Amino acid sequence: MPFDLDTWVQVAAVSGSGFAMGLGAVGAAIGEGYTAAQANLAVSRNPDLSGDIFKNMLVGQAVAESASIFALVIAILLLFLDTGNASMVKAAAFFGAGLSMGFGAIGSGVGSGIPGGQACLGISRQPAVASRLTTNMLIGSAVCQTPAIFSMVVALMLIFIDFSHLPVHPTWAALVGAGMSTGLAAIGSGYGGGLAAGASCEGIARQPTSTANVTTTMLVGQAVAQTPSIFGLLVSFILMFKSFPPGEPFSTAMGLLAAGLCMGFGGIGPGVGNGMAAEGAVRWVARRMSHAGDLMRTMLVGQAVSQSTAIYAMVISLVLIFVV
Amino acid sequence: MGELGQIHQLILHLFGLRLAFNLEVILMTWIAFGLVILFGYLCARKSALLPGPLQALGELLVDQLYQLAEDALDKELAVKYGPMICALFMFLVVGNWLGIIPHLEEPTKDLNTPLSLGVMGFVIAHAAGIRSKGFKSYIKEYMEPIFFMAPLNIIGELAKIVSISFRLFGNIMGGSIIILVVSYLTYSILLPPFLYAFFGLFVGTIQAFVFTMLTVVYISVQVK
């Protein structure tokens with residue numbers, strides 16, 4: 001049965017909305033569960049502090065939830081926004097927006113639960129630095145949200161920018177690819193950033209005098225762990241804003257979709273790996289503050305090597321966009 | 001919502017070249033410069049052994065940044081690059097905070113500003129590397145582990161510029177897009193001030209710090 005354009009846009013909006021919220025619900029729930037599990041451990045270790053630990057757990061879980069809330073906002077926008085003049089390009093953009101936000105919320109949700117849990121454990125270990133731990137947890141888990149924020153930005157741009165003057169044929173693939181690129185690449189970076197933030201809470205509890213060094217190393221480590229998601233954002237921007245001539249062969253359109261998938265999947269591993277490198281550096285900076293500079297340099301060189309696979313993925317994506 | 005992704009440009013045609021100037025960005029950059037210079041002037045105006053509040057703030061800032069540089073580089077290099085590091089951090093903080101003032105925009109929201117600062121950091125780091133190691137061993141590092149990896153190593157170095165500048169650009173521009181969309185949806189009621197506090201003050205400060213620290217550690221990786 002043939003559908004008209006309005007129906008297609010509606011189909012894309014509702015399915016995009018489903019993907020956004022369905023996938024977006026995965027990560028934050030796991031992260032919050034981890035926080036709660038560690039809070040239980042902390043309470044059993046130091047039952048006198050159950051009030052403080054409980055409060056910290058709730059604050060940590062509230063921050064970890066934000067990735068899911070981003071997904072909820074995008075899902076509601078897709079369901080209830082007045083779509084205006086319908087076109088197939090708009091349908092593709094809505095579907096891409098849903099995928100971007102859905103996948104993008106997974107990593108940050110899981111990741112930002114880790115500092116919450118470690119901060120609860122830290123409070124039971126070292127009650128004197130409870131407020132410092134909560135502050136560090138908030139900074140760490142807020143920075144973890146960056147990949148989810150990138151996905152939300154791409155989703156909002158796909159929803160609100162008017163692409164309808166562009167030719168339908170290669171553009172649909174470019175827009176879906178743009179969503180996949182940022183969304184998938186955000187998974188690894190979000191989780192990796194969480195590993196680093198968790199190690200920093202543990203480190204501060206072990207060695208409260210190392211707070212400044214630990215927080216600095218954590219921020220640099222998290223920032224570098226976010227690089228794969230930044231590459232994903234770059235590929236998305238190129239896919240959204242490069243104008244493609246109409247009437248390209250079908251292989252070009254699939255090339256654009258493949259470029260998004262390539263950068264997206266290629267960014268997952270390096271994000272997690274860089275997060276592990278940052279976790280190690282942060283953990284050992286707390287134990288051996290005197291060599292913080294050496295540790296940070298080793299971390300950066302290690303992260304650069306582990307990041308090279310994301311760079312290979314980016315090179316292939318750019319070849320797919322500009323050459324093929 | 002039409003203003004999403006639009007830029008006001010002045011386009012000049014000189015000697016057959018098409019030169020585009022992003023007027024707002026240039027103006028906002030100069031405002032940020034002016035505010036940083038004003039802050040410096042006010043801090044140093046009445047310098048005394050017993051510092052006033054502004055002098056104490058300025059000294060604290062400079063002292064902390066020099067300390068960070070000293071942790072990553074050694075003492076001699078920290079003194080050498082200290083002023084650049086302080087200036088970079090101050091400009092980025094003021095630039096990222098500028099958006100919370102009505103009618104002003106962050107100069108870092110335009111890709112050109114972070115990209116030029118990223119290229120600046122890249123050139124400084126590599127110049128420092130060549131100076132401390134000598135040209136031959138600098139080139140030799142690109143041939144690790146074997147010589148045909150050189151193109152990938154060069155792409156890896158160039159990707160650092162992309163990542164450092166897009167990190168700042170993505171965060172600041174992303175924040176401003178989210179603020180724009182939420183203000184549009186809620187008719188600017190209740191939510192936007194909190195978003196300005198989060199994206200402008202909090203994320204802005206963290207990203208300015210991260211950009212500065214990464215510039216410092218890129219120098220330190222090249223030098224050692």
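At which residue does helix 3 of chain B bend, and which proline follows within four residues? Helix 3 of chain B bends by about 50° at Tyr81(B), and Pro83(B) follows within four residues, where the bend is the angle between axes fitted to the seven residues ending there and the seven starting there. This is a predicted model, in which local features need pLDDT of at least 70 and side-chain atom pairs count only at pLDDT 80 or more, while totals for chains, interfaces and linings use all residues. Residues are numbered from 1 along each chain as its sequence is written, and chains are lettered from A and ligands numbered from 1 in the order in which they are written.

**Chain A overall**
- Chain A holds eleven helices and zero strands, these being DSSP runs (helices H or I, at least four residues; strands E, at least two) numbered from the N terminus.
- Along its principal axes, the C-alpha trace of chain A spans about 65 × 40 × 25 Å.

**Helix 3 of chain B**
- The 23 residues of this helix (residues 75-97) should span 33 Å at 1.5 Å a residue, which agrees with end C-alpha atoms 31 Å apart; the expected span is 1.5 Å times one less than the number of residues.

**Where the two chains pack**
- Helix 11 (residues 292-322) of chain A and helix 7 (residues 191-223) of chain B pack at about 85°, with axes 10 Å apart.
- That makes helix 11 of chain A roughly perpendicular (65 to 115 degrees) to helix 7 of chain B.
- Met296(A), Arg297(A), Leu300(A) and Val301(A) of helix 11 of chain A meet Val217(B), Ser220(B) and Val221(B) of helix 7 of chain B, contact meaning C-beta atoms, placed from the backbone, within 7 Å.

Notes
Axes are lines fitted to C-alpha atoms, for helices over the stretch in contact, and angles run from 0 to 180 degrees between N-to-C directions. Angles under 35 degrees count as roughly parallel, over 145 as roughly antiparallel, 65 to 115 as roughly perpendicular and the rest as oblique. Two residues are in contact if their C-beta atoms, placed from the backbone, lie within 7 Å.
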